[in-house]
Amino acid sequence: SPHTAERTAVDNWESMKMRSKTTLRKYGLTEDMFRSLYESQRGRCAICSISEPELEAKYSGPDDWASDRVLHIDHEHGSSPCRVRGLLCSECNYDA
């Protein structure tokens, strides 16, 4: 149900990985700005809609990269200040 998907996105926020303050600063985001972006996308890739729990399952093998299990901050390269476009899974981020 949509309510469950929204609840899952909020719950996932609490256990998010690889969102250091340094990474957020690199993209000009505060934790609140990132949380708002994450929640607005319901914790899903802006292109293919895969969720982080689905990424965890998809990339759970010993040879998989941990960074493939989370959404990435997509930004316009060369923009100053950095213009964030959304959050993408690793596959969509590489293709974007």
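These are my notebook entries on a few features I looked up in this structure.

**Ground rules.** I am working with a predicted model, where local features need pLDDT of at least 70, side-chain atom pairs count only at pLDDT 80 or more, and totals for chains, interfaces and linings use all residues. Residues are numbered from 1 along each chain as its sequence is written, and side-chain values use heavy atoms, with hydrogens and water left out.

**Aromatic rings.** I searched the whole structure and found one aromatic pair. Phe34 and Tyr38 form this pair, stacked, at 6.2 Å centre to centre with 25° between the planes. For pairing, ring centres of Phe, Tyr and Trp (its six-membered ring) must lie within 6.5 Å; planes under 30 degrees apart count as stacked, over 60 as edge-to-face and the rest as tilted. Where do Phe34 and Tyr38 sit in helix H3? They are four residues apart in H3 (residues 31-40), so about one helical turn separates them. I noted that helices (H or I, at least four residues) and strands (E, at least two) are DSSP runs, numbered from the N terminus.

**Buried or exposed?** Phe34 is buried at 0% relative accessibility, and Tyr38 is buried at 0% too. Lys26, in helix H2 (residues 21-26), is exposed at 60%. The cut-offs are under 20% relative accessible area for buried, over 50% for exposed and partly exposed in between (1.4 Å probe, protein chains only).

Strands E1 (residues 72-76) and E2 (residues 83-88) run antiparallel, joined by five bridges; two strands pair if DSSP finds at least two bridges between them. I picked out Ile73, whose bridge partner in E2 is Leu87. Six residues lie between the strands of this hairpin, and Gly78 in the turn has a positive phi of about 85°.
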